[in-house]
Amino acid sequence: MIQDSVISPVACSRRPDGVTVWTQRDYDILQSLAIRIRMLSVTQATQIWWPQHESLRDSRRCLRRLAAGGLVHRYVINAHPLLAVTAPLTSWKPGQPEPDCHELSLAARRRWNRPTIPLEVFTASKQTANLFGGVAYGLPRLEQRDHDLLLADAFVAYRCNRPSEAEHWVGEDFLPKAGFRIKDPDAFLINDHGQMTHVIESAGRYTPKQINSFHEHCSALDLPYELW
């Protein structure tokens, strides 16, 4: 797991000798991008780390400073406006009835109904991924970007409303692959004993077949899940 001693998350940003040191906020941002989510917009970062600020100025300045240091990559992409979800489409746990995959697919797909807009987003750099033991860095593929921004929305909801659970959030890229031609869930909640206790999935534009496949995967492992 992560060795917190690799980088000291102290409260100052520059030592007397001129060497820049990460702040606790810097450390948290970089850790989140390295092991929890692949991509984060400026708006999403502001909601987590600058919740009292109406302006994006401070969050943008901080993220661009990290980019200038080679710790994150900055991109401007065309993407659907953020959905800003605050609750999952559905939750399921063992013993409950199977979900209505058709209705869930309709609910998921009808949300994507606006033209794309330019969004400023940030990802981990290879250096940051290596420091935290992750493997994901750089911009996701074009067809994954809306999906990953929706997952980031779910992460924002956890950080703002369920912070103690958010500490146990681990992204799929930080864990071993489930198997050949098996779609790994997007994120897990992992307890202090290293056991998966919950699955979190971005529904994106999933078809009924994709939702059913995801449900069967979790059901076979007796894993509760949330579909966002």
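This is a predicted model: local features need pLDDT of at least 70, side-chain atom pairs count only at pLDDT 80 or more; totals for chains, interfaces and linings use all residues.
Helix α4 runs over residues 101–109, and its buried residues are Cys101, Leu104, Ser105 and Ala108. Looking down the axis of α4, you'd find these buried residues within an arc of 100 degrees, so they line one face of the helix. One more detail here is the N-terminal end of α4, which is capped by aspartate 100. A side-chain oxygen of that aspartate sits 3.2 Å from the backbone nitrogen of histidine 102.

On to the sheet, please. Three strands form an open sheet in the order β1-β4-β2, and the pairing is antiparallel. At the edges are β1 (40–41) and β2 (72–79), each pairing on one side only. Between β1 and β4 (residues 117–124) there are two bridges, and serine 41 has valine 121 of β4 as its bridge partner. Helix α6 (residues 145–161) packs on this sheet and touches β1, β2 and β4. Its direction makes about 115 degrees with that of β2.

Last stop, the cores. The largest nonpolar core has 55 residues, and Ile29, Trp169 and Ile200 touch the most other members. Our friend α6 gives the most to this core, with eight residues. There is also a second, separate core of six residues, among them Ala79, Leu119, Val121 and Leu149.

Conventions. Residues are numbered from 1 along each chain as its sequence is written. Side-chain values use heavy atoms; hydrogens and water are left out. Two strands pair if DSSP finds at least two bridges between them. Helices (H or I, at least four residues) and strands (E, at least two) are DSSP runs, numbered from the N terminus. Contact means heavy atoms within 4.5 Å. Axes are lines fitted to C-alpha atoms, for helices over the stretch in contact, and angles run from 0 to 180 degrees between N-to-C directions. Buried means under 20% relative accessible area, exposed over 50%, partly exposed in between (1.4 Å probe, protein chains only). The arc is that of the directions from the helix axis to the C-beta atoms. A polar contact is a pair of N or O atoms within 3.5 Å; within protein, one must be able to donate a hydrogen and the other to accept it, and residues adjacent in sequence count only if both atoms are side-chain atoms. A nonpolar core is a set of buried Ala, Val, Leu, Ile, Met, Phe, Trp, Tyr and Cys residues joined through side-chain atoms within 4.5 Å.
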